[in-house]
Amino acid sequence: MSDRRFFSLAGSFPLGRIAEATGSDLSDPSHGGLMMDDVAPLDTAEKNHLSFLDNKKYVDVFKATKAGACFVRPELAVHAPAGTACLMHKNPYKAYAVAAQMFYPQEKPKEHRATSAVIDASAKIGADCAIEDGAIIGPNVKIGNRCRIQAHAVIRQGVEIGDDCDIGAHVTISHALISNKVRLHPGVCIGRQGFGFAIDATGFTAVPQLGRVIIESDVEIGANTTIDRGAGPDTVIGQGTRIDNLVQIGHNVKIGKYCVIVAQVGISGSTQVGDFAMLGGQAGLAGHIKIGSGAKIAAQSGLMRDVPDGAEMMGSPAVPIRQSMKQTAVLAKLATGKKGDKA
Amino acid sequence: MSDRRFFSLAGSFPLGRIAEATGSDLSDPSHGGLMMDDVAPLDTAEKNHLSFLDNKKYVDVFKATKAGACFVRPELAVHAPAGTACLMHKNPYKAYAVAAQMFYPQEKPKEHRATSAVIDASAKIGADCAIEDGAIIGPNVKIGNRCRIQAHAVIRQGVEIGDDCDIGAHVTISHALISNKVRLHPGVCIGRQGFGFAIDATGFTAVPQLGRVIIESDVEIGANTTIDRGAGPDTVIGQGTRIDNLVQIGHNVKIGKYCVIVAQVGISGSTQVGDFAMLGGQAGLAGHIKIGSGAKIAAQSGLMRDVPDGAEMMGSPAVPIRQSMKQTAVLAKLATGKKGDKA
Amino acid sequence: MSDRRFFSLAGSFPLGRIAEATGSDLSDPSHGGLMMDDVAPLDTAEKNHLSFLDNKKYVDVFKATKAGACFVRPELAVHAPAGTACLMHKNPYKAYAVAAQMFYPQEKPKEHRATSAVIDASAKIGADCAIEDGAIIGPNVKIGNRCRIQAHAVIRQGVEIGDDCDIGAHVTISHALISNKVRLHPGVCIGRQGFGFAIDATGFTAVPQLGRVIIESDVEIGANTTIDRGAGPDTVIGQGTRIDNLVQIGHNVKIGKYCVIVAQVGISGSTQVGDFAMLGGQAGLAGHIKIGSGAKIAAQSGLMRDVPDGAEMMGSPAVPIRQSMKQTAVLAKLATGKKGDKA
């Protein structure tokens with residue numbers, strides 16, 4: 001049961017409609033009229049709640065659940081207790097996510113211009129946008145339809161933002177073109193001048209950074225993350241990519257589509273990351289390297305050179321994960337005389 | 001001598017009153033009437049200054065100090081120079097801290113509502129609160145007494161904050177219940193939706209994050225730190241815990257009481273940290289693990305599995321600190337033929 | 001060609017003037033009248049564009065460039081294609097930087113006080129300053145000439161800022177003295193109380209932090225970086241130093257002149273870093289240590305003790321870089337039976 005101070009519940013919904021919306025099969029079609037009022041975890045769900053079983057190791061919890069209905073893989077439906085209707089789906093967590101969005105739909109922005117927002121006369125703002133207090137929208141900015149520009153966000157001259165975007169509180173954006181359905185969490189800084197300077201005996205000379213930040217559609221960027229603009233080429237974040245909190249992305253970096261970049265990762269300038277790559281928390285990537293598509297980089301790894309598509313890397317400096325585990329084991333054995341833990 | 005542009009000095013105080021307030025014993029009770037005007041380090045203190053000796057290795061500095069009075073462990077008082085009165089206490093640094101707070105008391109907020117603050121009519125704000133310029137306080141927010149809500153802080157719908165809290169500039173808070181005496185430094189982001197989504201071949205589907213952030217009393221959270229709300233369970237920060245700058249705390253994490261979490265630590269989702277644990281800077285904790293009470297985790301360690309109460313861990317992947325030091329030594333020896341440094 | 005939505009081009013300039021401004025020698029003085037309209041990389045430059053060759057490995061690109069003119073080291077000018085005038089300089093990247101600044105000069109602030117800025121009557125602000133919307137300037141603040149105080153920046157009581165400074169959006173500054181030509185990117189937090197407290201069985205007692213942050217001239221500090229004020233001594237950032245995004249600098253830290261501190265570095269309290277040191281991304285420095293002048297610290301290194309001037313360190317715990325590479329190789333060999341990669 002979610003806290004009503006923070007969450008608005010949209011239900012109830014009949015199971016049949018939930019099955020249809022999620023592409024699930026009811027194990028017993030006669031259950032299609034059962035009404036569900038909310039979603040809940042297996043162990044706390046009641047008979048008017050919808051739950052899910054995603055991981056075999058929770059089968060015992062599933063056997064004892066009081067949930068009225070449950071998303072489950074077809075082969076596990078046999079374990080359902082008598083009072084629990086099964087919604088069979090090959091990816092129950094995905095189906096649950098879709099259903100939970102029915103009960104807790106993301107609020108659409110309500111057309112609104114806060115009196116304390118400062119919007120330049122030359123800015124173009126689409127229909128049904130909410131511009132909150134203290135938002136600052138500069139000259140020639142273009143914002144699409146159904147966007148929410150949260151409190152104190154600062155959007156600088158010329159920035160373009162597509163439809164259905166959510167720009168968090170205290171975000172700063174400059175030198176950027178942002179596509180549709182992009183969500184920036186609070187404190188994100190997009191487009192500052194990258195870390196580019198010439199060095200000689202007299203100190204540093206700033207090199208004007210003349211590129212932009214391009215953010216493709218359906219990207220989400222976590223709180224206080226920073227993305228520098230390109231030095232000449234652009235910095236690009238590919239479609240669908242999810243970036244967590246406190247991540248640093250340097251100038252000219254290209255991130256592919258549908259990557260997952262966990263908190264506190266740092267990516268140095270001009271590095272390229274392929275599609276569907278996953279970077280674990282606090283991993284660091286040197287500059288000017290290429291990380292292949294589908295690569296999996298373990299948390300805290302340090303990447304100093306290219307890795308091919310599908311590589312699984314670990315350690316600092318990173319090596320293939322198998323080798324990293326062997327190294328860990330060998331070192332433990334040398335130090336203790338015993339066989340080391342496998343990390 | 002502190003800079004009067006930034007600090008207001010409250011003294012002077014007689015030594016007797018200082019001894020009483022700090023639970024110290026004057027080595028010579030006749031010194032109770034000596035007036036102290038300020039606090040200062042041993043090496044720069046003058047005869048109207050109060051200092052402290054906490055670490056034996058500074059005994060020589062103590063012997064030469066011109067401080068009028070000094071907190072010192074009883075057994076070290078014998079080294080005091082002639083002009084220095086001794087305030088004996090088993091924890092001189094703690095006693096000094098209490099005394100320094102007498103000279104530099106934290107300013108109480110003065111009842112104030114800045115004209116540029118935007119406060120929803122349904123918000124309830126206690127007595128003696130200072131609401132600074134640009135602060136935004138949403139519907140049904142409850143704030144206790146004697147709170148300071150600093151400039152441009154954004155507090156979203158339904159958030160509850162106890163008494164004597166200090167909410168820093170540019171802080172964003174949503175989906176959170178905050179107890180008394182909590183201090184959030186500038187740029188903190190509390191309660192954003194965690195990094196939760198279902199993955200399949202079509203990309204990511206957001207899983208509504210239906211939990212909250214619970215912050216118990218007397219917690220302090222450093223600048224630009226991010227704490228995500230729970231996915232269903234809550235994210236909890238236990239009483240008295242101190243969190244430094246730029247720390248990331250994922251959804252569903254439970255931190256115990258009186259923990260110390262140093263800058264740039266990252267804690268992944270659903271991990272639990274026991275009471276009185278200490279996490280060194282840049283340490284990373286994997287998700288779904290348990291760190292025992294009183295555990296000490298060295299800086300930059302990577303924790304990938306449970307550790308018991310009182311464990312002292314180091315390295316990435318982390319091993320017991322003794323083993324880590326052996327590994328470092330063995331590896332150094334192998335590489336150089338010489339005995340390695342102990343780290 | 002830069003995006004005109006974001007960048008204003010100041011040209012055109014004759015090559016002779018560019019040669020003079022950058023201290024370059026034209027390989028053919030008769031080219032002094034050629035007009036250049038913009039800067040561009042070698043591979044996309046056209047005949048009215050100015051480019052540069054800094055790295056020998058791009059000589060083949062240079063041979064094929066269509067750039068009208070190019071900065072180049074004297075010994076490489078021989079490779080210039082027929083249509084490309086050469087501007088010879090021993091540091092072509094530096095010369096390019098200076099020229100690019102001619103084409104894209106940093107905009108001078110235009111005297112402006114936004115109506116929504118809140119400026120205390122006792123604050124003193126110099127000539128030709130732009131104070132943007134939502135900026136908050138406290139009592140007794142002093143700001144020099146030609147400063148830009150960006151949107152929603154919060155500058156607390158008594159802070160002093162020199163001439164030609166650029167204070168980014170959502171910056172918070174307290175307890176700080178800032179010299180000339182300092183640039184703070186968005187979200188920087190300067191001067192919060194450091195992580196200082198006495199510990200005993202009852203919890204933590206805050207030790208009043210009575211120092212300041214001193215930032216010398218020509219320092220640049222990246223987005224969302226945090227710098228705590230001193231505990232008694234000051235925290236000092238030396239002249240010309242460049243600090244990247246998301247860096248943490250603890251109380252009492254002294255950074256020398258012309259250091260480069262890459263993103264996500266963490267420096268613990270009371271540590272000293274000499275002049276011209278370079279700290280790679282995500283490196284962590286323990287407290288109370290000294291890093292020598294000119295030291296080079298590799299990314300992700302963990303420094304736990306002093307290192308001498310000019311040291312090159314790597315690993316966690318850090319060892320001299322040569323030794324670190326040997327250790328990596330030895331460990332790889334032990335684990336695989338093959339000779340390890342040199343990291």
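What follows is a set of questions about a predicted model, each settled by setting a value against its criterion.

Me: What makes the 59% of chain A count as buried?
Reply: A residue is buried if 20 or more other C-beta atoms lie within 10 Å of its own C-beta atom. Of the 343 residues of chain A, 59% count as buried.

Me: What else describes chain A, in helices, strands and span along its principal axes?
Reply: Chain A has 4 helices and 40 strands. Its C-alpha trace spans about 80 × 70 × 30 Å along the principal axes. Among the contacts in chain A with a separation of 6 or more, 22% join residues 24 or more positions apart.

Me: Why is the largest nonpolar core called a core, and which residues have the most contacts inside it?
Reply: The name applies because its members are buried residues of the nonpolar kinds listed for a core, joined through C-beta atoms within 7 Å. The largest such set has 219 residues, and Ile149(A) and Ile149(B) have the most contacts inside it.

Me: Which residues is Ile149(B) in contact with, leaving aside neighbours within four places in sequence?
Reply: The criterion is C-beta atoms within 7 Å. Ile149(B) is in contact with Ile131(B), Ile137(B), Ile143(B), Ile155(B) and Ile167(B), and also with Cys129(B), Glu132(B) and Ala135(B).

Me: What does chain C present to chain A?
Reply: Here 46 residues of chain C are in contact with 46 residues of chain A. Helix H3 (92-103) and H4 of chain C each supply at least two residues of that side. The side divides into 21 nonpolar, 19 polar and 6 charged residues.

Me: Why are chains C and A said to be related as by a three-fold rotation axis?
Reply: A rotation of 120° with 0.0 Å of shift along its axis superposes chain C on chain A, with an RMSD of 0.0 Å. The two copies are therefore related as by a three-fold rotation axis. The copies use different surfaces, as 20% of the contact residues of chain C recur in chain A.

Conventions
Residues numbered from 1 in each chain as written. Chains lettered and ligands numbered in written order. Predicted model: local features only at pLDDT ≥ 70, side-chain atom pairs only at ≥ 80, totals over all residues. Buried ≥ 20, exposed ≤ 12 C-beta atoms within 10 Å, placed from the backbone. Contact = placed C-beta atoms within 7 Å. Nonpolar A, V, L, I, M, F, W, Y, C, P; charged D, E, K, R; others polar. Least-squares fit on C-alpha atoms with pLDDT ≥ 70 in both.
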